[in-house]
Amino acid sequence: GGGSDVLSVSNLEVVYNDVILVLRGVSLTVEEGTIVALLGANGAGKTTLLRAVTGLLDVHDGAITKGEVHFEGRPIQRWAPSRIVGAGLGQVLEGRRVFGEFSVEENLRVGGHTRRGGLTSAIDEVYDLFPVLRERRKQTAGYLSGGEQQMLAMGRALIAQPRLLLLDEPSLGLAPRIVAQIKDIVVEINRRGTTVLLVEQNAAMALSIAHHGYVMEHGKVVMDRPAAELLADDDIRDFYLGRG
Ligand code: ATP
């Protein structure tokens, strides 16, 4: 306790196409300086929650019908996505999209379009975090490996120096060695001062670095506990967390 909540979601209800109720009263908080893991099976509603927080429900024919989303104390649930990013809420969503025809460095410059000055040093900081991106800075992003594209997508989000970073399944489809690298980098990003909300199917990975964990099921939060407790509980591992 004691820290303030960077993100606070309360009693959130979300529908798609005016009919399908997908989030059914979700509440969740992310305390400043922490890594929070959001876990749950396919279809539990994790991505929908991230869309609600980032203002991206519209594009998927979804809408908030009840509840509130606060970022650093301000209600953002009616804000446009660009305004939310500009306020300091960064995101790497759904399939690590990079601009495939552009170089690594051009991708990072795009991420910095909202910055005032300091772009070169910001790019250098990203290269320090991901040395492989420095090596490949002139290469076309579309030819990077899956892990490198994930790193580039994360790097691009970090250029804007967000205070809260949302990551949607950064380990998806990557080899264990690369997952381990991504994990270390998330820890380092957090150590440098960015709060992280990490959505993962890889529960063991997420809980091993998170301070707190939430488990979702059928559009509801069914568990809300310190990550170490979730990791230590055999029943929880078996019933809720699947592999890992
Ligand atoms: P995943 O790991 O597969 O992304 P998830 O926990 O993130 O799962 P969501 O993607 O949020 O779950 O999906 C929650 C529910 O909402 C699912 O039943 C899904 O079919 C439904 N859903 C998602 N997007 C839409 C959409 N655009 N229109 C209608 N239903 C949708």
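**Ligand contacts and fold**

In this predicted model, the side chain of N42 places an N or O atom 2.7 Å from an oxygen atom of the ligand. The protein buries 66% of the 620 Å² that the ligand exposes when taken alone.

Ligand surroundings

- The ligand has 15 residues around it, and those that come nearest are N42, G43, G45, T47 and T48.
- T47 contributes a backbone N or O atom, which lies 2.7 Å from an oxygen atom of the ligand.
- At H60, a backbone N or O atom is 3.1 Å from a nitrogen atom of the ligand.
- Sorted by class, the shell around the ligand consists of eight polar, four nonpolar and three charged residues.
- Helix α1 (residues 46-54) supplies four residues of this shell, the largest share.

Sheet

- The sheet is open and has four strands, ordered β2-β1-β4-β5, with antiparallel pairing.
- Because β2 (20-31) and β5 (74-75) stand at the edges with a single partner strand each, one side of each has no neighbour in the sheet.
- Eight bridges join strand β1 (residues 5-16) to strand β4 (residues 62-71) in the antiparallel sense.
- V15 has A63, in β4, as its bridge partner.
- In general, the strands of a sheet pair through backbone hydrogen bonds, in either a parallel or an antiparallel way.

Helix on the sheet

- Helix α1 lies across β1, β2 and β4.
- The helix α1 runs at about 110° to β1.
- The helix that lies across these strands is also the one with the largest share of the ligand shell.

Technical notes. Residues numbered from 1 in each chain as written. Predicted model: local features only at pLDDT ≥ 70, side-chain atom pairs only at ≥ 80, totals over all residues. Heavy atoms only, no water. Near = heavy atom within 4 Å. Polar contact = N/O pair within 3.5 Å; in protein donor to acceptor, adjacent residues only side chain to side chain. Areas by Shrake-Rupley, 256 points an atom, 1.4 Å probe, with all protein chains shown as cover. Helix = DSSP H or I, 4+ residues; strand = E, 2+ residues; numbered from the N terminus. Nonpolar A, V, L, I, M, F, W, Y, C, P; charged D, E, K, R; others polar. Pairing = 2+ DSSP bridges. Contact = heavy atoms within 4.5 Å. Axes fitted to C-alpha atoms, helices over the stretch in contact; angles between N-to-C directions.
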